[in-house]
Amino acid sequence: MFEHRHLLGIEALSPADIVAVLDRSERYAGAPDPDWRTRLSGRTQINMFFENSTRTQASFEIAGQRLGANVMNMAMQASSIKKGETLIDTALTLNAMHPDLLVVRHPNSGAVALLSQKVNCAVINAGDGRHEHPTQALLDALTIRRRKGRLQRLTVAICGDIAHSRVARSNIILLGKMENRVRLVGPKTLMPAGIERFGVEVVHDMAEGLRDADVVMMLRLQRERMDGGFIPSEREYFHRFGLDAARLANAKDDAIVMHPGPMNRGVEIDGELADDLTRSAIQEQVEMGVAVRMAVLELLSRRAA
Amino acid sequence: MTLFRNARLIDPETRAERIGDLRIEAGEIVETGAGLSEPGEVIDCNGVCLAPGIVDIGVKICEPGERHKESFATGGRAAARGGVTTIVTRPDTHPVIDTPEMLRFQIERAEDDAAVRVLPMAALTKGRAGAEMTEIGFLLDAGAVAFTDCDAVVADTKVLSRALTYAAGLGALVIAHPQEPRLSAGACMTSGQYASQLGLPAVSPLAERMGLERDLALVEATGVRYHADQITTAAALPALRRARAAGLPVTAGTSIHHLTLNLLDVADYRTFFKVKPPLRSEEDRQAIVTALVDGEIDLISSMHTPQDEESKRLPFEEAASGAVALETLLPAALQLVHGEAMTLPELFEKLSLNPARLLGLPQGRLSPGAPADLVLFDPDAPYVLDRWSLASKSKNTPYDLRRMQGKVLGTWVGGRRVHGGAA
């Protein structure tokens, strides 16, 4: 069923692949089961993070450990890169150690794909530059499917800093493949050029963008990726593009609110709303993150075996 | 209820003028025609002109910061006396109008003090410094009608590009001063034989074209609604024409001074003729008049810029730029009618209707339902202008001691008389 060697992006997955991952993930949702412990025993999973990420790294680490893999974390900023080693040399060195699974995050788009060409094991993209973050899109899809009972024919508003977001890109692709209506909402300065060609609607007004939405996906304002001047100020951003209960009233009554985290409360989302468990699916997203990553690790290691 | 009887009605919307009556009620025009009945106040116009009040874009009222040059009270009075019923204020005050709080201050001050309608513009970048965009969304919600850094051109194209993109997303109108900033830096005259003769630092008319070409390229990329505050050279016109032919959301204005004066007026280094951009050649002036008549340039503004005596009583290079013009805008513009360049309805299209349209205002029309913002004037009345008679606090007009033709007899804002008669 799942015939891929690596998980580099959503782009390469078919709707059937996506459903396969989600179905497999469903088994891992909920409290850990001791039976899972042996599924990846004897396998080595290396997490290589060339860019800081506490949440994703922890999620992958827990996922691997729950399946019994030997998980090793390498903080790449602190190591050989500093000594001038190229990405390819790093890959070749690692490859010589015969890992089974490499989980890679890199600040440059395309770097994970480059690395995957140089190693023999399965590579999972844990986020590359502004390009893709496939496991995030899959965990978002799983959360939506659980909350809404389906993953088709939904209106999903993805709001905020689209330009700097790999999460948005992966979600746009995934939701499009599953025949949903995707609306991008945010200031024009944070919309990448030509994004309309992805088959999405682009709206610069929150009220209009949220109208009749089933899912409202907020994105973090990525201040660290901005070389200044994309928005006038954070208070203006919240005033125009932040999500609060009044704005959410434009969406469907049972619309859910999502956020990939970490949140800037009061910048892109009102703190109270983020904590409102009847509307917010944010905690569930974190939980589904582990389940999806377990499924991905399992599916790819089976192929590698 | 007031009836204007026997008026020469100047209607820019239908481009028609005819003798007739006009009735206003509750601040609105309710009826035009002939031989209307007369309950209420009757004003016999004796055949002089009644036109929609002027909507003047780009007026500087020096509050906050330089209240000694102009206040909302004096500027409002000057506007009323000039037949200007709406002034759109510039943000180049001290400090700059770049926050919602500053904008609210201006709106409240104007409500308290000004005799006419005041619509404020806000800066496009913080402090007009060209480095960071202002809180455009907040400012829009606080009442800003447009965004402009006035004559402080945003030199950093990346900053400008982002600001225009952001403004476009919010549907905001941006008003720019087309000028290549490095080329025009330090200049106080248009380059050519005359500037060389006077020995003044000068700028090529091409700087305007280059500035405009850059801006228009960004308009094409961002789709922002863009208005060039002053087009003053023949060299800039082809770029404007191309942009409009391509369907870009672009409009342009020019100032009354560039329409009626030329660089030869700078003789004797008279600093009242120092404006920004500097006065142009007679060929440029004529090209701008033609462009205005042809509709390539949409509107005329006063570019009212009060300067006190101290700012002007300096060597030409060091003197402040700008001239007051709220009261002289109409009589100076009537030169174009007297010179048969255009008709009165065509002139009021440029003075009232087009600026109102640009800002989405209901003003500028004589049709029922339009606000009763009106100017009653005698287009032929002659007089010699005495700058000390102006209502503006500052008296820096280039028309001092000139023979003018055309006098404002009365001005109404929302049906209320703000100038002339028993006000």
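A: Let's start with one bridge: A:Met48 has A:Val104 as its bridge partner in β3(A). A quick word on the ground rules: this is a predicted model, so local features need pLDDT of at least 70 and side-chain atom pairs pLDDT 80 or more, while totals for chains, interfaces and linings use all residues. Residues count from 1 along each chain as written, chains are lettered from A and ligands numbered from 1 in written order, and side-chain values use heavy atoms, without hydrogens or water.

That bridge belongs to the pairing of β1 (residues 44-49) of chain A with β3(A), which is parallel and has five bridges. Strands here are DSSP E runs of at least two residues, helices H or I runs of at least four, numbered from the N terminus; pairing takes at least two DSSP bridges.

Angles, from 0 to 180 degrees, compare N-to-C directions of lines fitted to C-alpha atoms, for helices over the stretch in contact.

Now for the annotated residues. The "binding site" annotation in UniProt comes from an unreviewed entry and covers A:Arg55, A:Thr56, A:Arg105, A:His133, A:Gln136, A:Gly261 and A:Pro262. UniProt positions follow the numbering used here, feature names are shortened, and annotations may be inferred rather than shown by experiment.

Two of these residues are worth a stop. A:Arg105 sits in β3 (residues 101-106) of chain A. With a relative accessible area of 6%, A:Arg105 is buried (under 20% is buried, over 50% exposed, in between partly exposed; 1.4 Å probe, protein chains only). Neighbours within four places in sequence aside, A:Arg105 has contacts with residues including A:Met48, A:Phe49, A:Phe50, A:Glu51, A:Asn52 and A:Ser53, and also A:Ala126, A:Gly127 and A:Arg166. Contact means heavy atoms within 4.5 Å.

A:Thr56 is in helix α2 (residues 54-66) of chain A. A:Thr56 counts as buried too, because its relative accessibility is 8%. Again leaving out neighbours within four places in sequence, A:Thr56 is in contact with A:Phe49, A:Arg105, A:Ala126, A:His133 and A:Arg293.

On to the other sheet. Five strands of chain A form an open sheet in the order β7-β6-β5-β8-β9, with parallel pairing. The edge strands, β7 (201-203) and β9 (256-258) of chain A, each pair on one side only. From one strand to the next, the twist averages 20 degrees.

In this order, β5 (residues 155-159) of chain A comes between β6 and β8. This β5(A) strand is mostly covered, with five of its five residues buried. A:Thr155, A:Ala157 and A:Cys159 point one way from the strand, A:Val156 and A:Ile158 the other way, and all are buried.

β5(A) is parallel to β6 (residues 181-185) of chain A, with five bridges between them, and A:Thr155 stands opposite A:Arg181 in β6(A). To get from β5(A) to β6(A), the chain goes through helix α6 (residues 166-177) of chain A in a right-handed β-α-β crossover (with the strands pointing away from the viewer, the path from the first strand over the helix to the second runs clockwise). α6(A) also lies across β5, β6 and β8 of chain A, at about 170 degrees to β5(A).

β5(A) also runs parallel to β8 (residues 215-218) of chain A, joined by four bridges; there, A:Cys159 stands opposite A:Met218. β8(A) in turn pairs in parallel with β9(A) over three bridges, and A:Met217 has A:Met258 in β9(A) as its bridge partner. Helix α5 (residues 134-148) of chain A packs on this sheet, touching β8 and β9 of chain A, and its direction makes about 165 degrees with that of β9(A). One of the annotated residues, A:Gln136, falls within the span of α5(A), residues 134-148.
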